[in-house]
Amino acid sequence: MSKKTAGFDIGGRGMHIAVTGRKGIKRIVNVILPEGMVRDGRIVSFDAMGDFIRETIKKEKLRVHEAAIVLPSSQCFCRRLSMPVMSHEQLMVNIPYEFRDFITAEKDEYFYDYAVLNTISNDDGDVQSLDLMAGAALKNTLEDYRAMFRRAGMKLITVLPLEMAYGNMLRMANIDHCHCLIDLGHYAVRLYMYNGAVFETSHTIEFGCNALDSAIAEALHIDPFVAATYREANHDDCQALPECMQIYQNLALEIQKAIYFFRYNSPDSELEHIHLIGGGASIK
């Protein structure tokens, strides 16, 4: 691996780039995506996105040639698994069957990988089972991302599910209590529950900042894309419109339901903190 790598997180409206070196993060770049580049959490044209990345890298003068990307939940499956102790080769044979209720294509059309979170031992200290985080993504999807970065003049070296990327950040922050990350995204709001750096479960609320943009657009009689710029700049205090306040209240109720459900199913987990992230986190 070279001294510098650019990590990419491509959301519904923005693209975030973190340039890292041996001593940590060197620079962070946030840019707004052109309208229609991403729809429902999926990149519409990988060629167009590759061109946009190349232009952004050139404009921001980022001298980096290796890329890592976080895969959104719409592009991969991530599951917590408990499996008997076995070799790596045996795990790679058996893990695909753990995704049979989730994948829509033939299992051989997916790429699988895993990370060992913990080992479970018996009273004699012998390891009996493995606590795993496993992921699955279509091979065609991964090839699309490789081609996208190749078009941008970069080499894709790391692909990581969002749940694992957040876990890595929490591990680096030495957070050891139970907490919730709430990603206030453009097309959806997603809750991720962690026990320390270990992912527990997630929940998706099927509306996000785009609902605010639609409300602002209707109230002010403007285009939704223009309304998004109004929201981000809080132009004329548009974030406090009555229509927006109602959306905040609806969102708070949905978040409350999800947290109560998590507490009901995990009575031993004491949720201590909630962290707001994503584009909507800047709304006071």
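Mentor: Start just after helix 4, where Asn 174 takes a positive phi of about 55°. Helices (H or I, at least four residues) and strands (E, at least two) are DSSP runs, numbered from the N terminus. This is a predicted model, in which local features need pLDDT of at least 70 and side-chain atom pairs count only at pLDDT 80 or more, while totals for chains, interfaces and linings use all residues. Residues are numbered from 1 along each chain as its sequence is written, and side-chain values use heavy atoms, with hydrogens and water left out.

Trainee: Why is Lys 61 called exposed?

Mentor: Lys 61 sits in the loop between helix 1 and strand 6. Its relative accessible area is 62%, and the cut-offs are under 20% for buried, over 50% for exposed and in between for partly exposed (1.4 Å probe, protein chains only). Lys 61 is therefore exposed.

Trainee: Why does Asp 237 count as partly exposed?

Mentor: Asp 237, in the loop between helix 6 and helix 7, has 47% relative accessibility, so it counts as partly exposed.

Trainee: What makes Gly 208 buried?

Mentor: Its relative accessibility is 8%, so Gly 208 counts as buried. Gly 208 belongs to the loop between strand 13 and helix 5. Leaving out residues up to four places away in sequence, Gly 208 touches Gly 185, His 186, Tyr 187, Ala 188 and Val 189; contact means heavy atoms within 4.5 Å.

Trainee: Why are helix 1 and helix 3 called oblique to each other?

Mentor: Their axes come within 7 Å and cross at roughly 40°. Axes are lines fitted to C-alpha atoms, for helices over the stretch in contact, with angles from 0 to 180 degrees between N-to-C directions. Under 35 degrees is roughly parallel, over 145 roughly antiparallel, 65 to 115 roughly perpendicular and the rest oblique. Helix 1 and helix 3 are therefore oblique. Residues that meet there include Met 49 and Ile 53 in helix 1, and Met 148 and Phe 149 in helix 3.

Trainee: What makes a group of residues a nonpolar core?

Mentor: They must be buried Ala, Val, Leu, Ile, Met, Phe, Trp, Tyr or Cys residues joined through side-chain atoms within 4.5 Å. The largest such core has 31 residues, and those with the most contacts inside it are Phe 8, Ile 10, Met 49, Ile 53 and Met 148. Helix 1 gives the most to this core, with 5 residues. Apart from it lies another core, of 14 residues, including Ile 259 and Phe 262.

Trainee: What covers the buried residues of helix 7?

Mentor: The buried residues there include Ile 259 and Phe 262. Their cover includes strand 11, strand 12, strand 13, helix 5 and strand 14.
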